[in-house]
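Let's walk through this protein together, with the model open beside the text. We will begin with charged pairs and then turn to a helix and its surroundings.

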Amino acid sequence: MRLETFADSPRPKVLVILHQEHSSPGRVGQELIKRGFALDIRKPRFGDTLPETMAGHAGAVIFGGPMSANDPDAYVHREIDWIKVPLCEEVPFLGICLGAQMMVKQLGGTVAGHRDGLVEIGYYPLRPTEAGKALMNWPDKAYQWHSEGFDKPAGCELLATNPTYPNQAIRYGSNAYGIQFHPELTHSMLVRWTTRGAPRMALPGAQQRRDHFAGRYVYDLAVRRWLDSFLDLWIGRADGKHVHCIAAE
């Protein structure tokens with residue numbers, strides 16, 4: 001699917017923040033377009049600016065990347081500081097992995113590695129809390145690629161947990177979410193990540209490449225269904241209607 005961007009369309013826009021030259025919003029971007037939105041893709045790391053207000057956007061998503069929310073780079077600090085814009089204006093915000101960690105930093109929380117040096121690279125359990133169960137059905141496992149996690153700042157509600165990194169999904173207010181896992185993952189992204197990131201599979205707790213593909217075969221349909229339910233809850237459709245569908249990539 002071609003990703004229709006801000007320059008192409010008068011559709012309501014979702015701001016998409018990416019962190020690498022060839023990063024993609026993947027399935028999240030595809031599903032937002034199916035719901036009638038256009039993607040305003042920006043990469044502050046490479047000089048793109050961020051809006052002073054969300055008045056021109058229906059929501060915002062900050063995706064992951066190999067950097068840390070604790071890094072001293074100016075663009076990292078700019079993004080963390082900018083997150084107060086959608087939070088204060090109460091516009092739908094989603095942070096995925098690094099994006100979630102940035103939201104936590106903006107809210108005064110901390111981001112750190114596991115005390116035993118464990119990482120999550122592959123498919124790992126998700127256990128919804130009672131609050132999470134009340135919102136939607138969750139997959140038994142979801143795809144992860146991180147060596148740091150986040151705590152739960154004051155004012156945040158825990159929605160999902162697991163044994164290694166206990167804060168897997170949080171909500172702040174009514175429409176700001178941070179998730180540690182990667183529902184945006186497509187098959188082509190899985191191939192690319194496990195090829196370029198192969199050395200990381202030697203880290204403590206990481207799964208081997210074959211297990212990544214086996215996990216996708218078992219759990220991906222449930223992840224897709226979760227994403228559909230989540231997007232209904234988080235942003236709905238550009239026309240205000242809701243629709244549930246599972247379409248081929």
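How many salt bridges are there by this rule, a side-chain nitrogen of Lys or Arg within 4 Å of a carboxyl oxygen of Asp or Glu? The count comes to 10. Before we visit some of them, please note that this is a predicted model, in which local features need pLDDT of at least 70 and side-chain atom pairs count only at pLDDT 80 or more, while totals for chains, interfaces and linings use all residues. Residues are numbered from 1 along each chain as its sequence is written, and side-chain values use heavy atoms, with hydrogens and water left out.

Side chains of opposite charge can pair when their charged atoms come close. Helices (H or I, at least four residues) and strands (E, at least two) are DSSP runs, numbered from the N terminus. Both Asp 232 and Arg 35 are buried; buried means under 20% relative accessible area, exposed over 50%, and partly exposed in between, using a 1.4 Å probe and protein chains only.

Next, find Arg 171 and Glu 157, a salt bridge with its closest N and O atoms 2.8 Å apart. Arg 171 belongs to strand S11 (residues 169–172) and Glu 157 to strand S10 (residues 156–161), 14 residues apart. Arg 171 is buried at a relative accessible area of 17%, whereas Glu 157, at 32%, is partly exposed. Salt bridges that share partners also join Arg 27, Arg 216 and Asp 220 into one network.

Now turn to helix H2 (residues 74–82), where Tyr 75, Val 76, Glu 79, Ile 80 and Trp 82 are the buried residues. Viewed down the axis of H2, they fall within an arc of 165 degrees (taken from the directions from the helix axis to the C-beta atoms), so they line one face of the helix. Their cover includes strands S1 (13–17), S3 (59–62) and S4 (93–96), along with helices H3 (84–89) and H4 (98–106).

How far can you trust the picture? The protein averages a pLDDT (the predictor's confidence in each residue, from 0 to 100) of 93, and 93% of the residues score at least 70. Over residues 242–249, the pLDDT is below 50. Where pLDDT is low, the predicted coordinates should not be read in detail.

Definitions and conventions
Contact means heavy atoms within 4.5 Å.
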